[in-house]
Amino acid sequence: AVVEAEAAPARARLGFAHNRSNRSGKLRIGYLLPYTRQEAFTMLHRGVVEQHDRDRFEVFGYSIAPSDGSAFDLSYRACFDRFTDIAVQAPEAAAQAIYRDGVDVLLDPNGHVRDNLQAIVALRPAAVHAQIFGASTTTGSAYVRSEEHTSELQSLAYLVCRLLLEK
């Protein structure tokens, strides 16, 4: 709640408007990543990203940690359709990059842990935001947050999360 309150002035200044009707094509899914080095999460997650149906989804990765240059790190980053290193960017600049990419659903596996991404998430650069992989209980936020509280967007987020987690 504190992060949300602190982000309110910046959110108003940025004025992100989420209107998917002005473009066609694949649903754009973005992942906020705390790191891309070889660890249990990235090893599991790489398989999830590789299983996305690329005829229906375009998959974006955003990392706050620079690459360590290892073979695993480079191969993990390469499994995304587009990957952006946001390590040196302020939260507002990172949110603007996500918004410019037209991400529809932003997924955050990190929650409130060291090097968390809540300052970016609170700016709401995507129409739908979801906490995934069990970290949602650390944020105090709902599992799915949508700027527009329509059942259509909430259903979309639910279905996207089910597709991601069932693969």
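## Charge over a ring

In this predicted model, the charged end of R37 lies over the ring of Y35, at 4.0 Å from the ring centre; such a placement requires NZ of Lys or CZ of Arg within 6 Å of the ring centre and within 35 degrees of the ring normal.

## Aromatic pairs

Seven aromatic pairs are found in the whole structure, a pair being rings of Phe, Tyr or Trp (its six-membered ring) with centres within 6.5 Å. F16 and Y99 are stacked (planes under 30 degrees apart), because their ring centres are 4.4 Å apart and their planes stand at 20°. F16 belongs to the loop between α1 (2-14) and β1 (27-33) and Y99 to helix α4 (residues 91-100), so this pair ties together parts 83 residues apart in sequence.

F16 is buried, at a relative accessible area of 15%, whereas Y99 is partly exposed, at 30%; buried means under 20%, exposed over 50% and partly exposed in between, with a 1.4 Å probe and protein chains only. One aromatic cluster is formed by Y31, F72, Y76, F80 and F83.

## Overall fold

The protein contains six helices and six strands, in the sequence order α-β-α-β-α-β-α-β-α-β-β-α. These are DSSP runs, with helices (H or I) of at least four residues and strands (E) of at least two, numbered from the N terminus. Of the 167 residues, 46% are buried.

## Basis of the values

Residues are numbered from 1 along each chain as its sequence is written, and side-chain values use heavy atoms, without hydrogens and water. As the model is predicted, local features need pLDDT of at least 70 and side-chain atom pairs count only at pLDDT 80 or more, while totals for chains, interfaces and linings use all residues.

Terms used. Rings of Phe, Tyr and Trp (its six-membered ring) pair if their centres lie within 6.5 Å; planes under 30 degrees apart count as stacked, over 60 as edge-to-face and the rest as tilted.
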